[in-house]
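Me: Hi! Could you walk me through this structure in plain words?

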Amino acid sequence: MITYYSTKPTIAEDGVMNMRGIAPVKAQEEQGIIRIGHNKGGAFANRCAGNDTLIGLDFWNQLKVYHLRHDAE
């Protein structure tokens with residue numbers, strides 16, 4: 001199943017990530033993996049696959065594919 005997201009995630013210097021449609025959250029990127037904090041006691045983990053695709057690596061998003069919707073930017 002492919003899921004679409006509406007804006008590319010951007011992580012500010014203070015570690016806050018902003019994406020349209022969600023409240024700002026703490027995030028970090030290390031060794032090509034974007035970790036996004038959540039309230040389940042851990043972090044969502046996604047790896048970039050090209051410019052417009054993220055692949056979920058964590059328990060909740062395992063191998064889920066996210067594509068950027070260019071019509072929503």
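Reply: Happy to! Let's begin with a term: a salt bridge is a side-chain nitrogen of Lys or Arg within 4 Å of a carboxyl oxygen of Asp or Glu. Also, this is a predicted model, where local features need pLDDT of at least 70 and side-chain atom pairs count only at pLDDT 80 or more, while totals for chains, interfaces and linings use all residues. Residues are numbered from 1 along each chain as its sequence is written, and side-chain values use heavy atoms, leaving out hydrogens and water.

Me: OK, how many salt bridges does the structure hold?

Reply: It holds one. The side chains of Arg35 and Glu30 form it, at 3.5 Å from N to O.

Me: New topic: how many helices and strands does the chain have?

Reply: There are zero helices and eight strands. These are DSSP runs numbered from the N terminus: helices are H or I with at least four residues, strands are E with at least two.

Me: And how many aromatic pairs are there?

Reply: Two. Rings of Phe, Tyr and Trp (its six-membered ring) pair if their centres lie within 6.5 Å; planes under 30 degrees apart count as stacked, over 60 as edge-to-face and the rest as tilted. The centres of the Phe44 and Trp60 rings are 6.2 Å apart and their planes are at 85 degrees, so this pair is edge-to-face.

Me: Where do Phe44 and Trp60 lie?

Reply: Phe44 is in strand β6 (residues 43-48), and Trp60 is in the loop between β7 (53-56) and β8 (65-68), so the pair ties together parts 16 residues apart in sequence. Phe44 is partly exposed because its relative accessibility is 23%, and Trp60 is partly exposed at 42%.

Me: What about Phe59 and Trp60?

Reply: They form an edge-to-face aromatic pair, 5.6 Å centre to centre with 90 degrees between the planes. Phe59 has 70% relative accessibility, so it counts as exposed. Ring pairs link Phe44, Phe59 and Trp60 into a cluster.

Me: Nice. Last one: what share of the chain's residues counts as buried?

Reply: Of its 73 residues, 30% count as buried.

How values were computed: Buried < 20%, exposed > 50% of the residue type's maximum accessible area, 1.4 Å probe, protein only.
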